Amino acid sequence: MLFNFKSEMKYIVLTSKLSLAFICICLLLSLKCANSDNGRAKNNADKLSVGNLLTEKQFDALFPMRDKFYTYAAFIKAVKDMSWIKVKVIRRAVSVYQFTRTDKRTGKTVVIRQDEDWNEDWAKKKPDSSYVIDYGGFCSDKDIQTSKKELAAFFAHIAHETRHGENGKYNDGLMFIHESNTTLPYTAPNEVYPAAPGKKYYGRGPMQLSYNGNYGYASDCIFGDKKILLNNPDLIETDPVIAFKTALYFWMTPQTTKPSAHDVMIGKWQPNAADKAAGRTPGFGMTINIVNGAVECGKGDNMYNMNDRIGFYQYFLKKLGANDVNCACSCGKMKPF
């Protein structure tokens, strides 16, 4: 057999060059991926989080009388889990909705609600309005001081809703897991979120979520499935992470004519002509109107429950090292929604 030394050498050199080129490409790709991963990690690290604003020791000090059900770990996990959820809401003809839920971890997008009349001609003729709820914005959309103000406002409401006592020290929040009277079903006719047979939707969790409509809406946003909380409302009083998630849902989610409390506290919401005529202005007082305006707002500045929320807010502001110098804290002269 003849051996062509020259040809073989060319083959060896060519093969070596190709191998070297392949190795270089792999190295470049790995570096690019590493840089990309580092960039994502850096972006995540740079984004303000509740964990940066509040330690477990601080949480324990803010709620020294809390029920052991409510833990710092459950709160932080709820915030982290919710941060991966984004929901786009499109509304037609005032009350016909389509919800599209995105899991930001996977990028998977699913239509989780489309009302029966969505494709009716009369509905499609009405102008669409839409907005996106990014649950990752909780106490992280703005600077540290604004985020601390938002956290203080959120804590003020959940503390008031779950307090047990009237000692004026503002240390008695997160004591109730559900409201004291559990005999009432809190059900209302709702075609989209009908009550499950035999289930009760009394106030549960840090924000005392009530009524089947709220349970179903919260379940859609949190789980992408309305039936989870409609069929199992007790999850809110047996799973502390889910309990906190329902409070975050309520805080971050606009309701038909109401803005979200989150948008109010970060300065995103601005009153329209109708709001101005009703005396609604940006500030903590507006969040009271959102949470329980029908009972506490428009009744003057001596309303006990309203002032209790304000007291909690000012207490938590001080404890978190924040301030609200020009606080529009009262809703006493606001017309409820």
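The buried residues of helix α13 pack against α6 (144-161), α10 (240-252), α11 (261-265) and α14 (304-319). Buried here means under 20% relative accessible area with a 1.4 Å probe and protein chains only, and contact means heavy atoms within 4.5 Å. Please keep in mind that this is a predicted model, where local features need pLDDT of at least 70, side-chain atom pairs count only at pLDDT 80 or more, and totals for chains, interfaces and linings use all residues. Residues are numbered from 1 along each chain as its sequence is written, and side-chain values use heavy atoms, leaving out hydrogens and water.

Let's stay with α13, which covers residues 284-296. Helices are DSSP runs of H or I with at least four residues, strands are runs of E with at least two, and both are numbered from the N terminus. Of the 13 residues in α13, 10 are buried, among them Phe-284, Met-286 and Ile-290. After α13 comes Gly-298, with a positive phi near 75°.

Now for the strands. Four of them form an open sheet in the order β3-β2-β1-β4, with antiparallel pairing; two strands pair if DSSP finds at least two bridges between them. Because β3 (108-114) and β4 (129-134) are edge strands with a single partner each, one side of each has no neighbour in the sheet. The partner of β4 is β1 (residues 85-92), joined to β4 in the antiparallel sense over 6 bridges. Within this pairing, Lys-88 has Val-132 of β4 as its bridge partner.

Key. The expected span of a helix is 1.5 Å times one less than its number of residues. Buried means under 20% relative accessible area, exposed over 50%, partly exposed in between (1.4 Å probe, protein chains only).
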